[in-house]
Amino acid sequence: MNQQEDKKFATAVIFAGGKSSRMGEDKALLDFDGVSLSEFQYNRLSKLFNKVYLSSKEDKFDFNAPLIYDNHAISSPMVALDSIFEATTEDEIFILSVDMPFVSYELIELLFSQNSDEFDVVVAHSVMGREPLCGIYKRSSCDTIKSFLAQDNHKLNALLKTLRTKDVVYDEEMDFKNLNYKSDYKEALDKIVKK
């Protein structure tokens, strides 16, 4: 995408508040192409979106970006979703996990092209199944999210089964490469160097 083009979409939130237990250190702060992984994602999404937020329990970042803090003690994407809709007035928000640095602009544009009022969520669907941390969530999902939290249910896939969810199939596996382990991180750095 040409940086001179107008930004196409309203609001995105990068989920950067996870525990990173499998990585052994905070993924959001890993060095990635000369900046933290969080800043790398922020810079990429800022080319498409007018507003980009970071979702986290704390301000642990070394660059300036608007933050949305989790409003519950427990950490989970469900909590982050609830916090986001409480902190903003947006009717819909694109969310992306910080550890998915290869999600393409083409995939994001495809998700928005499939978006309509008949859906509460429009989510990417890879060869591995639904990708709940790469999709568009609507304010119409708020009551169901709160109901899940009241039951201490933090499973996003269960939420998606309850809501009016549109699956958008996309078969480029690299888009969905997660940086869960040190080996994933090293492989991703190799791909950045080769670009």
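A disulfide is a pair of cysteine sulfur atoms within 2.5 Å, and in general terms such a link is a covalent bond between the sulfur atoms of two cysteines. The model shown here is a predicted one, and it holds zero disulfides. The reason can be followed at Cys134, because its sulfur is 20 Å from the closest cysteine sulfur, that of Cys142, which is too far for a bond. Cys142 is likewise in no disulfide, with the sulfur of Cys134 as the nearest cysteine sulfur, 20 Å away. Cys134 counts as buried, at 0% relative accessibility, and Cys142 counts as buried too, at 14%.

From the cysteines we can turn to the aromatic rings. A pair of aromatic rings is described by the distance of the centres and the angle of the planes. The count in this structure comes to ten aromatic pairs, and one of them is formed by Phe9 and Phe49, whose ring centres are 5.6 Å apart with 45° between the planes, an arrangement that is called tilted. Because Phe9 lies in strand β1 (residues 9-15) and Phe49 in strand β4 (residues 49-56), this pair ties together parts that are 40 residues apart in sequence.

How are the rings of Tyr42 and Phe63 placed? Their centres are 5.6 Å apart and their planes stand at 55°, so this pair is tilted. Tyr42 lies in helix α1 (residues 37-45), whereas Phe63 lies in the loop between β4 and β5 (67-69), so the pair ties together parts that are 21 residues apart in sequence. Tyr42 counts as buried at 18% relative accessibility, and Phe63 is buried with a relative accessible area of 12%.

Is Glu118 buried or exposed? Glu118 is exposed, with a relative accessible area of 52%, and its place is in the loop between α3 (105-113) and β7 (121-126). Although Glu118 and Lys166 are 48 residues apart along the chain, their C-alpha atoms are separated by 9.1 Å.

Note on methods
Residues are numbered from 1 along each chain as its sequence is written. This is a predicted model: local features need pLDDT of at least 70, side-chain atom pairs count only at pLDDT 80 or more; totals for chains, interfaces and linings use all residues. Side-chain values use heavy atoms; hydrogens and water are left out. Rings of Phe, Tyr and Trp (its six-membered ring) pair if their centres lie within 6.5 Å; planes under 30 degrees apart count as stacked, over 60 as edge-to-face and the rest as tilted. Helices (H or I, at least four residues) and strands (E, at least two) are DSSP runs, numbered from the N terminus. Buried means under 20% relative accessible area, exposed over 50%, partly exposed in between (1.4 Å probe, protein chains only).
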